[in-house]
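Here is a short report for a reader new to this structure. Look it over first, then read on.

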Amino acid sequence: MTELQAVGKSVARLEGRAKVTAATQYGVDLKFPGMLYARILRSPYAHARVGRIDTSAASAMPGVRAIVTIDDSPDVSYNAVYSGLSDKFVKHLVQDQHVFDEVVRYVGEPVAAVAADDPLIAERALELIEVDYDPMPDVLSAEAALAPGAPLVHAGSPGNVVGRPIVFQMGDLDQGFAEADLVLEERYTTPRHQGIPMEPHVCVASWDPQGKVTIWTSTQIPFRVRFVLARILGIPEGRIRIIMPEVGGGFGAKQEVSIEPICALLAKKAGRPVKLELNRSEEFACTTTRHGAIMDLRMGAKKDGTLTAMDGQLILDTGAYVAHGLGVATLASISFTGIYRCPNLRYQARVVYTNLPISGALRGFGQFQVLFPIESHMDMLAEKLGMDPLDIRLKNHIQVGEPDPRTRFIIESCGLDECIEEGARRIGWKEKRNDHGEGTVRRGVGMSCIMDVSGAKPFLPEQSAAMIKCNEDGSVALLTGVADTGQGIRTTLAQIVAEELGIDTEQVHVTAGDTEITPFDLGNYASRTTYVAGMAVRKAAQEVKNKLSEIASEMMEARLEDLVWEKGGIYPKGAPQKAVPVTQVARYAQHTKAVSVMGSATHTPPHNAPGFQAHFVDIEVDTETGRVKVLRVVAANDVGKAINPQDCEGQIEGGVIQGIGFAMGEELRFDESGHPINARFSEYEVPGPDGLPEIETVLVEPIEPSGAYGAKGIGDIVVTSMAPAIANAIYNATGARIRHLPLTPERVLEALDENRRAGAGDLS
Amino acid sequence: MRRKRVPISLVVNGEEVFVDIEPRQTLLELLRDELDLTGARRGCEENFCGACTVMLDGVAVHSCSVLALQAQGRKVTTIEGLATNGQLHPLQEAFVEHGALQCGYCSPGIILSALALLSEEPRPTEEKIRDSLVGNTCRCTGYVKIVQAIQSAAVKMEGGAL
Amino acid sequence: MIEELEYLEPASAEEAAALLAEYGDESKIIAGGQTLIPMLWQRLVTPRYLISIKGIEGLGTIEKDRQGSLLIGACATHQSLEKSPAVREGWPLLAETLQKVAAPQIRNLGTLAGDLCHSDYGADPPASLLVLEARCRIVGPDGDRWLPVDNFFLELYGTALAPDEVLAQIEVPAVPDGAATAYVKYCLRAMDPAIVGVAVMLSMKDGRCQDARIALNGASPVPYRARLAEEALKGWPLNEAHVDEASRLAQEQAEPMSDSHASAEYRSRMISVFVKRALRAAEERARI
Amino acid sequence: MLIQHKLAIQAPLEKVWSFFMDFKNLGSCIPGLNELKEIDDRNYEGAFRIKVGPISANFQGRVTIVEMDQETYRAAMSASAKDARAASTLQARMSMNMQETAPGQTEVAIDTDLNVLGKLGQFGYWIFKKKASDVLDEFTACVRAKIE
């Protein structure tokens, strides 16, 4: 292949100028003639039967145009994330949600909604709606939900467990533990995190006289929203158009149907466009969170560090409805089995209902809850075996040519060794490992390794499609279903098209995320878009290229197979002076030949190529306050081919800082009646710009045969390393091992106290 | 039904504006809802996240926590006022070039905080830059490229631009 | 979503007090609005009348009087104080403290008087004003009265201001010659309130402590002077034993609250840690 | 939110019990409570004012005694009150347990499950918890003063 001219370059965002001048239109900016503003009335109870709802006073208020309650709610149960699951999994599908239900199952569950001339009127109208609640006993933690005789969140789910436990087994567990020289068992817990995209959930719904509804919504999954809405509204997909405006972040928080159904019902009833925009406390308290989890992990190893057995029991708190619950439990099984070779293992996950907000997708999907335990465990095993934490990982991690035990796909690229070695060198692993400083402030280093999927195969019918239209000026229009929520996928895909056609990236005009105009795509999640859509786009571009070649060969009377494409021109082999610019060929095609050159393709990847990472931290622990300061991070990632290195770095840097938040401060907490108690920026510790570490990113680029130009996914994996790496570093610095997140100063100080009591360490 | 409005005038991006507003409206609502200047964004409603940052008489403020009436007769600069006849401000350019934005929702606020800083301190240290941004939350970028962009813009601006 | 309200602009503090007297619970004073407006958004307070004192002549001034005291008008912003050469030179503790208040956007509009009136236990300025032994000029319907800051904070979010009184001015006496000061704030993000904030003023002579003033915010529902701790230091060298004793006494005086940032137990423990650190920081400066 | 509170009173169990079971006594010791009206021997109506700094609310509501067991010295009541202006509702379930800890000494354990719904609920869990315990301290002091 000739040297790449667009792929592998740090091309600036195509939408960059529009974003820094605020020319972009986000969902919150949408305005239409006659548009109404909606607000949602939410349950103050964690669990209650909803009785009479009196809306008369509210309806009588001037400026109130429509109110919807259970009386307007279609009697359809649904799962907010369901879309084209492969038949194998449809039978597990649990459809437990309604737009409005007779029972509310968490504080903040919608009970009614108002559309009015302006937001203040809508807000006041909410206060005039009288609702009779009959409170029911609630369960506010997974432990409580699993206790014998616990109240049921859903009558149909005895023991509050969703469906059957997800189980994956391999080899002979007992034998595996028998062979082990060392067996280690611990319990870990990870909290509920909020994704907190800076733009709140917002949508506008508008019906036309033909009974077709258009919904502009801040989502990661336009086609899935259409699919679920079709079911809820009882109209075919074709009568629903989902359009993504510019979206101000998602991180998984916008990866399910949320406010769209209510907005659509209001718009229909009012006969006018309706805008529904959540405020920040609703964002914190009423949108989906990461599944809080408890994991009991037992691992066995031989003296030389070889793993012989792994037994993991995972409990996921899915909140009031299952939504992504089974998906997280399923993907977690790959995280559990994938990264380290272990012949005998058992993974069991129970997804448990509680009367807390719905748990959903969040960056680090299916990794966070099992890899914090595993990566903490690996360090503990290494220590007890007298090994370096790096060596036990190097010894056990999966290699090219081996099958992933869970997906059965053969690993075709793995840069983990290089990630570990390069990361260790740059952090100064050998020197820093044993130098903890003096006095009250101790230093330490730690690391962790993560492996993560690119896409949802084999669990979802992975697919993405692309269409490319050639303009007569030689530029092209790329139509893709992908959802760009800020990660920059539009630019990445444009680079691939530009590379194929030898044109500038700026000459690729991208339209994305409009179910009416763009071809199908599953959405933005599972680190899938570059890996899956990237290839679809490349195939479509190749079709365009072939058609242009045919026309060029006719133009310049040269044999098709002799044509050379180079730097935006086409020429017969050996005659570069005869080169004709691609733009001229395109013009000739349209105006002389009267042929519209178009290409389209659907791609479904042959398998699921995991990305790998090794992240290292250098920290300092104030042993008087328990405060941990992360001084430096070296983040080495195997991303396959980096289509846009700068965007890859951006994903890593952003992910690392989110990871530090998830590890050290973030936890959505609830009081004894299920009310969130820190549902605001000022009380939920999202990292600010101050006190953050220096981050050094390392891109390791083994070519992945199944990805466009060798690319793999990177979006999810990057948030998962910090928690175990920092916990391991705290242990290295102080000898205190912490198995519960977040690693708050208070918790660290408790751990240090325990150590002092146990006489371990010599901390002043 | 129409609620009571009162007339105010202020200078927005160099232009004097006369508009009737409700006393309860904040500067953020004045800009977004009355003047269609949507670069200032609602993020938290509690004077924390800085997505609504604009400049008021040359200093950065959270427009969600200023009543429109408090801006009476004062000078407001929003992101829409930075580019001059199609020419991006060096800060805007740097944010694009360095990949200092991802979803872009917080970018206008951060750029205006940075502008306020640079107009006071042309060559700030990294620490000073980070301190000046504590009133701006970004969930995407991890701030690294934001700091780089501001540093490189500082150099450009001293080189004479604007 | 802010409720409907009327925005009133009295010409004097006396007029403002009169309006408060007239509208009572229905009204609130607004200066910078940096604490109040977020509460309006959340509709926690829904006053029908906002009485803006921002436009009142003279309330924005920062000046030194003949006795060398600093006179701070009720509308003087954190930023204007922090940047004032007079403050930086004569009251470095104040400048140091105000730089630690939230974010530039908030300091640019927020006022020192506003901090006092809201009396949030995590706010930074109270400890330093206690140490500086500032006084408040309070204007009411029956004229002025002066109140030491020490008597201003009564309870959680509660001050000595009567419903019809306005805090018009803060007077900060000159810092004694040779006294060294420090404000140490412990919080996890710059934007957060102080889990513990300790202000210290130290006068050392021949290695012994002549005078010590210690005050804390964040530590207790109400900011306080740690007088027993101060006494325990006077006349002694600042060796470990005395510093430990002082920090213990400061800790005992607190009734720490639990909140999202720290539990009462943790907070209590941090009091002694940060009283020590603040004393050491001031001692360092005393040496120079 | 759950607020647990214990008061030790220097008085015999019987005396404390009868004091508590006379609602007028009890009411007179609840700070902020006024115009308490007896509807019947199990239901009372009243107005209750709370103020935390700039935030104040006037609650109108009803208290119902759901249990009163002289044998076990247990009592339980539920209260519900509304503030129209602040669009908020207070709901509380209170249980009282008395026991003699030493001759002439009584311990009263009061568990309150307080739910603040509506706008005021947003004000903050911790502040309400603090305010509630302050109210209970005042209450305790008052009761002591009246019985001991």
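## Domains of chain A

How many Å separate the centres of domain 1 of chain A and domain 3 of chain A, taken over C-alpha atoms? The separation is 44 Å. The domain bounds come from an automatic or database domain assignment. For chain A it gives domain 1 (16–23 + 463–603) and domain 2 (31–136 + 198–249 + 254–286). It also gives domain 3 (138–194 + 288–398) and domain 4 (413–449 + 609–764).

This is a predicted model: local features need pLDDT of at least 70, side-chain atom pairs count only at pLDDT 80 or more, and totals for chains, interfaces and linings use all residues. Residues are numbered from 1 along each chain as its sequence is written, while chains are lettered from A and ligands numbered from 1 in the order in which they are written.

## Nonpolar cores

A nonpolar core is a set of buried Ala, Val, Leu, Ile, Met, Phe, Trp, Tyr and Cys residues joined through C-beta atoms within 7 Å. Buried means that 20 or more other C-beta atoms lie within 10 Å of a residue's own; exposed means 12 or fewer, and partly exposed is in between, with C-beta atoms placed from the backbone. The largest core here has 430 residues. Those with the most contacts inside it are C263(A), L266(A), V497(A), I726(A) and I730(A). Helix α16 (residues 529–555) of chain A gives the largest share of this core, 11 residues. Helices (H or I, at least four residues) and strands (E, at least two) are DSSP runs, numbered from the N terminus. Another core, of 13 residues, lies apart from the largest one. Among its residues are Y73(D), A75(D), M96(D) and V143(D).

Leaving out residues up to four places away in sequence, C263(A) touches A38(A), C203(A), A205(A), I215(A), V274(A) and L276(A). Two residues are in contact if their C-beta atoms, placed from the backbone, lie within 7 Å.

## Where chains meet

Five pairs of chains are in contact, and chains A and B share the most contacts. Their contact takes 43 residues from chain A and 42 residues from chain B. On the chain A side, α1 (16–20) and α18 (645–664) each supply at least two residues. The largest share of that side, seven residues, comes from α18(A). Chain B and chain D do not touch; their nearest C-alpha atoms are 12 Å apart.

## Strands in chains A and C

Strand β3 (residues 64–68) of chain A has five of its five residues buried, so it is largely enclosed by the rest of the structure. Four bridges join β3(A) to β5 (residues 110–116) of chain A, and the two run antiparallel. Strands pair if DSSP finds at least two bridges between them. A66(A) has A115(A) in β5(A) as its bridge partner.

In chain C, strand β6 (residues 135–140) is mostly covered, with five of its six residues buried. Six bridges join β6(C) to β7 (residues 143–148), running antiparallel. A hairpin links β6(C) to β7(C) through two residues. R137(C) stands opposite W146(C) in β7(C). Five bridges join β6(C) to β10 (residues 166–172), also antiparallel. There, C136(C) stands opposite I170(C).

## Chain B

Chain B has five helices and five strands. From the N terminus on, its elements run β-β-α-β-β-β-α-α-α-α. Along its principal axes the C-alpha trace spans about 50 × 30 × 25 Å. Buried residues make up 64% of the 162 residues in chain B.
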